[in-house]
Amino acid sequence: MVSNSIQERFAAQVAQTPDLVAVSSGAARLTYRELDERASRLAHRLIGLGVRPEDPVALLLERSIHLPVAILATLKAGGVYLPLHGASPQQRTQWIMDNAGRPALLADQVTRQRGLPAAGPVVLVDSDEQQHALPATDPLVPAFPDRLALVMYTSGSEGQPSGVGVTHRGVLQVALDSCWDVGASSAGAAPHGRQERVLMLAPHAFAVSSYELWVPLLRGGHLVLAPPGDFDVGSLRRLISDEKITALHLTAGLFRVVAEEAPDCLREVREVLTGGDVISATAVQRVLDVCPGIVVRAMYGSTEVSLFATSSPMTAGYRAGGSV
């Protein structure tokens, strides 16, 4: 079946695996059915607040179980999710909100305590009682592949930030690309292949979050949300081990640090993605020497092309040259 939107593809996955765990954050877990129902209730709440197709909805949230609910709810309402980075200066956050027309804002108790930007209607997703009385059925807003799914603002390193619109088609083509199928049919591999349990480590305002969110959730995998805050190698090691992570993305800098200090923490991981900067060929070789069963996938792309444009998988036997 060809899906017109992210939410349609997710609904098809819910129908296939309603009782599998879709997302977890510490002890909190949601099955595919529970995630779908929570998102549908919040979608009805957004529609009641006036959100219409292709209206932006800003998200200023901690990394928690409420994050994928809020993102999926925005799409179900026909809206476009606009992620805001909680660590950004308030001036930048307000500039983005003003540039987007001060849309509705989904926040939580933690971000409210830090201070929220001026916005349209505000819903605190972790304490809003009104949504609980709303239907758990999908509002069935008409979906089209070339409608916007998200707007991601660039860093603005060469001036003001720019809002880049990414379509449903763009996200679907990344999430459903056949490169993620590798390993699904090999002996002893899980049905989801290497993407069985994907760690969400990046802030949701970073483009790579599209991989972390939608590759597992649109393919029947398990999205594991890292606790809020930054990570050192020790905490990353514990998280990978405790949550039995099979795939994750590390920035080129963090990948190099892991390769130097603790490459063995990736031994049970099936695939690690890296990129966004110059990738150390020596770091790649060190990880593959210590973890011969892993695939290191070098990624290149940008928000303007939905996320990744090219990739290059590297496996055991790789020898470092001048560059990746």
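Mentor: Before we start, contact here means heavy atoms within 4.5 Å. Helices (H or I, at least four residues) and strands (E, at least two) are DSSP runs, numbered from the N terminus. You're looking at a predicted model, where local features need pLDDT of at least 70 and side-chain atom pairs count only at pLDDT 80 or more, while totals for chains, interfaces and linings use all residues. Residues are numbered from 1 along each chain as its sequence is written, and side-chain values use heavy atoms, with hydrogens and water left out.

Trainee: Okay, helix 8 then. Which of its residues are buried?

Mentor: Helix 8 covers residues 233-242, and its buried residues are Val233, Ser235, Leu236, Leu239 and Ile240. Buried means under 20% relative accessible area, exposed over 50% and partly exposed in between, using a 1.4 Å probe and protein chains only.

Trainee: And why do they line one face of the helix?

Mentor: Look down the axis of helix 8: the buried residues fall within an arc of 160°, so they line one face. That arc is taken from the directions from the helix axis to the C-beta atoms. On the other side of helix 8, Arg238 and Asp242 are exposed.

Trainee: What covers the buried residues of helix 8?

Mentor: The cover includes strand 9 (197-200), strand 11 (247-251) and helix 9 (252-261).

Trainee: What caps the N-terminal end of helix 8?

Mentor: Asp232 does the capping, with a side-chain oxygen 3.3 Å from the backbone nitrogen of Gly234. After helix 8 comes Lys244, which has a positive phi, near 50°.

Trainee: Switching to the core. In the largest nonpolar core, which residues touch the most other members?

Mentor: Leu35, Leu59, Leu106, Tyr211 and Trp214, out of 58 residues in that core. A nonpolar core is a set of buried Ala, Val, Leu, Ile, Met, Phe, Trp, Tyr and Cys residues joined through side-chain atoms within 4.5 Å. Helix 3 (residues 66-76) gives the most to this core, with seven residues. There's also a second, separate core of 32 residues, which includes Ile240, Val258, Val269 and Ile294.

Trainee: Back to Leu35. What does Leu35 touch?

Mentor: Not counting residues up to four places away in sequence, Leu35 touches Phe10, Ala22, Val23, Leu30, Pro68, Val69, Leu72 and Leu217.

Trainee: I spotted Phe10 in that list. Which residues of helix 1 are buried?

Mentor: In helix 1 (residues 6-16), Ile6, Gln7, Arg9, Phe10, Ala12, Gln13 and Val14 are buried. These pack against helix 2 (32-48), helix 3, strand 7 (148-153), helix 6 and helix 7.

Trainee: New topic: where is His222?

Mentor: His222 sits in strand 10 (residues 222-225).

Trainee: Is His222 buried or exposed?

Mentor: His222 counts as buried, because its relative accessibility is 6%. Its side chain makes a polar contact with the side chain of Ser24 at 2.8 Å. Another polar contact goes from the His222 side chain to the side chain of Arg197, at 3.1 Å. A polar contact is a pair of N or O atoms within 3.5 Å; within protein, one must be able to donate a hydrogen and the other to accept it, and residues adjacent in sequence count only if both atoms are side-chain atoms.

Trainee: How many aromatic pairs does the structure hold?

Mentor: Four. Trp180 and Tyr211 form one that is tilted, at 5.2 Å centre to centre with 40° between the planes. Rings of Phe, Tyr and Trp (its six-membered ring) pair if their centres lie within 6.5 Å; planes under 30 degrees apart count as stacked, over 60 as edge-to-face and the rest as tilted.

Trainee: Which parts does the pair of Trp180 and Tyr211 tie together?

Mentor: Trp180 lies in the loop between helix 6 (168-175) and strand 9, and Tyr211 in helix 7 (residues 209-217), so the pair ties together parts that are 31 residues apart in sequence. Tyr211 also forms a tilted pair with Phe308, 6.4 Å centre to centre and 50° between the planes. Ring pairs link Trp180, Tyr211 and Phe308 into a cluster.
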